[in-house]
Amino acid sequence: MLLIGAALCIALVAMLSGSAHAGEDRKLPMKFSWVACQPNCRGWISAVGIVTAASPRDFDEFARGRQLGGVTIVLDSSGGSVNDSIALGRRWRNLGALTTVGVSVQTNTAQSDPVNVTPVAYCESMCVFLLLSGKTRYVPETAHVRVHQIWMGDRANDARAATYSADDLTIVERDIGRLAKYTFDMGGAGDLLSLSLNVPPWEDLHELSRDELRLTNLVNTDMVDQPGSPNAAAGELKLKPVQERFVGGAVATETYSEAAKSINSAEAAGRMGSVRAAAVVPGARTR
């Protein structure tokens, strides 16, 4: 019994360590990796980090030579560039992807042990619109999906004290228009834009409730087969409770000790000259 207890403690520490490390990765430029799934499922893409101007190109490089039609994409992200997120999301929709929120972790320390998905993860600001790009979209009960306004990237840290020109407002309004078109193209509801645009950068991000996830059409299935399974790869999900490859509530203790700022920016050339500005979705201060 003592040996069993020690083994369970080691496994729990490994899961928590992996989850904490993923929390830091969520604030770095987005990285794509293929997670193999054995023995009878296809695998999935882990997409962790913020979307930058390089992210669409990085994904194209990652996708080259792979058969990714109907792939499952597991997100853990603090947001990123508005326009580049839109570009990336359209690529994923063209693949007929399934999108969800989670962190890929090894449940044991051995390198050969299987990798599972823990549903304790975060999808914030523009990540929410990447989630929307999935043809099928699932959000686990323990995942956190948070929204807020887009803003000028170089003034998000002290938005109230900053000054703004007419050109700045034009950039923001243009990007809101692009985001609105993308939202409706992806099958999202206007409620998603309304909820997002009502949260200024100096307030905490708004975490969507289960009802709001359905209201905004961010979730269009309540059950999903295991990530990367043949059913998911075909885009025809076999409805079953999400338990098989999702790590349970043991990792639900992850917390934040700092105010995490999302870096949701949309670069755009200003009307005057070649000066570029960024509209961002500023981040959440942890409650």
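I number residues from 1 along each chain as its sequence is written. In this predicted model, local features need pLDDT of at least 70, side-chain atom pairs count only at pLDDT 80 or more, totals for chains, interfaces and linings use all residues, and side-chain values use heavy atoms, with hydrogens and water left out.

**Disulfide.** I searched the whole structure for disulfides (pairs of cysteine sulfur atoms within 2.5 Å) and found one. It joins Cys123 to Cys127, S to S 2.1 Å. The torsion about the S-S bond of Cys123 and Cys127 is about -110°, so the disulfide is left-handed. I then looked up burial (buried is under 20% relative accessible area, exposed over 50%, partly exposed in between; 1.4 Å probe, protein chains only). Cys123 counts as buried because its relative accessibility is 0%. Cys127 is buried at 0% as well.

**Aromatic pairs.** I paired rings of Phe, Tyr and Trp (its six-membered ring) with centres within 6.5 Å; planes under 30 degrees apart are stacked, over 60 edge-to-face, the rest tilted. The count is six aromatic pairs. One of them, Phe32 with Phe62, is tilted, at 6.2 Å centre to centre and 35° between the planes. This pair links distant parts of the chain, 30 residues apart: Phe32 lies in strand E1 (residues 31–35) and Phe62 in helix H2 (residues 55–63). Helices (H or I, at least four residues) and strands (E, at least two) are DSSP runs, numbered from the N terminus. Phe32 is buried at 11% relative accessibility.

**Cluster.** Ring pairs join Phe32, Phe59, Phe62 and Trp92 into a cluster. Both Phe59 and Phe62 are buried.
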